[in-house]
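Q: I would like to learn how to read the strands and helices of a model, one feature at a time. Could we begin with the sheet and then turn to the helices?

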Amino acid sequence: MFYLCIDFGFKKIGLATSFGEIASPWKILSTNSLKNSISQINKILAEEKFDKIIVGLPEGKMGKNTLKFVSHLRKQGINVETADETLTSKNATDLMIETGVPRNKRKYQDAVAASIILQRYLDQKNNL
């Protein structure tokens, strides 16, 4: 299966992909509104044929906003699942520091966080 994972944010959206069992950071989208975010994701979905879309779901207020984003995608007939994203941004930063990624390259943190979300999802799915 070909997966897309989305780490939704108000300014940046991290994307990761997997064709199989290993997730990889893909890219970062810059955004300024929910409408713009949905438009950019729709464009990607039209260009790429993903079998499954996973969206990281945080806690609190951001979680509610993420659910609005997911709801908009579902209203368009897109099959979306959510997955817990607790501490993935921190894990991504820690991983980048541990592997010696310079500070100026850590702007890809959101894509790394998306890959962590997706890898957790894949690991959990394979353990069932």
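Q: In which sense do strand S1 and strand S4 pair, and over how many bridges?
A: Strands of a sheet pair through backbone hydrogen bonds, and they do so either parallel or antiparallel. In this structure, which is a predicted model, strand S1 (residues 2–7) and strand S4 (residues 52–57) pair in the parallel sense over 4 bridges, and Ile 6 stands opposite Val 55 in S4.

Q: What is the order of the strands in the open sheet, and which are the edge strands?
A: The open sheet has 5 strands in the order S3-S2-S1-S4-S5, with mixed pairing. Its edge strands are S3 and strand S5 (80–84), each of which pairs on one side only. Neighbouring strands of this sheet are turned by 25° against each other on average, when direction is ignored.

Q: What do S2 and S3 form, and in which sense do they pair?
A: Strand S2 (residues 12–19) and strand S3 (residues 24–30) pair in the antiparallel sense over 6 bridges, with Ile 13 standing opposite Leu 29 in S3. The two strands form a hairpin with 4 residues between them, and Gly 20 in the turn has a positive phi of about 125°.

Q: What kind of unit do S4, H2 and S5 make?
A: They make a right-handed β-α-β unit, in which S4 and S5 run parallel and are joined by 5 bridges; the bridge partner of Leu 57 is Asp 84 in S5. Helix H2 (residues 60–75) lies across S1, S4 and S5 and runs at about 160° to S4.

Q: Which strands does helix H1 lie across?
A: Helix H1 (residues 34–47) lies across S1, S2, S3 and S4, running at about 135° to S3.

Q: At what angle do the axes of helix H3 and helix H4 cross, and which residues meet there?
A: The axes of helix H3 (residues 88–98) and helix H4 (residues 109–127) come within 8 Å and cross at roughly 110°. Because angles from 65 to 115 degrees count as roughly perpendicular, H3 is roughly perpendicular to H4, and H3 passes H4 in a right-handed crossing. Among the residues that meet, H3 contributes Leu 95 and Met 96, while H4 contributes residues including Val 112, Ile 116 and Arg 120. By class, the contact of H3 with H4 has 7 nonpolar, 5 polar and 2 charged residues.

Terms used:
Residues numbered from 1 in each chain as written. Predicted model: local features only at pLDDT ≥ 70, side-chain atom pairs only at ≥ 80, totals over all residues. Heavy atoms only, no water. Axes fitted to C-alpha atoms, helices over the stretch in contact; angles between N-to-C directions. Parallel < 35°, antiparallel > 145°, perpendicular 65-115°, else oblique. Left-handed = near helix turned anticlockwise from the far one by under 90°. Contact = heavy atoms within 4.5 Å. Nonpolar A, V, L, I, M, F, W, Y, C, P; charged D, E, K, R; others polar. Pairing = 2+ DSSP bridges. Right-handed = clockwise from strand over helix to strand, strands pointing away.
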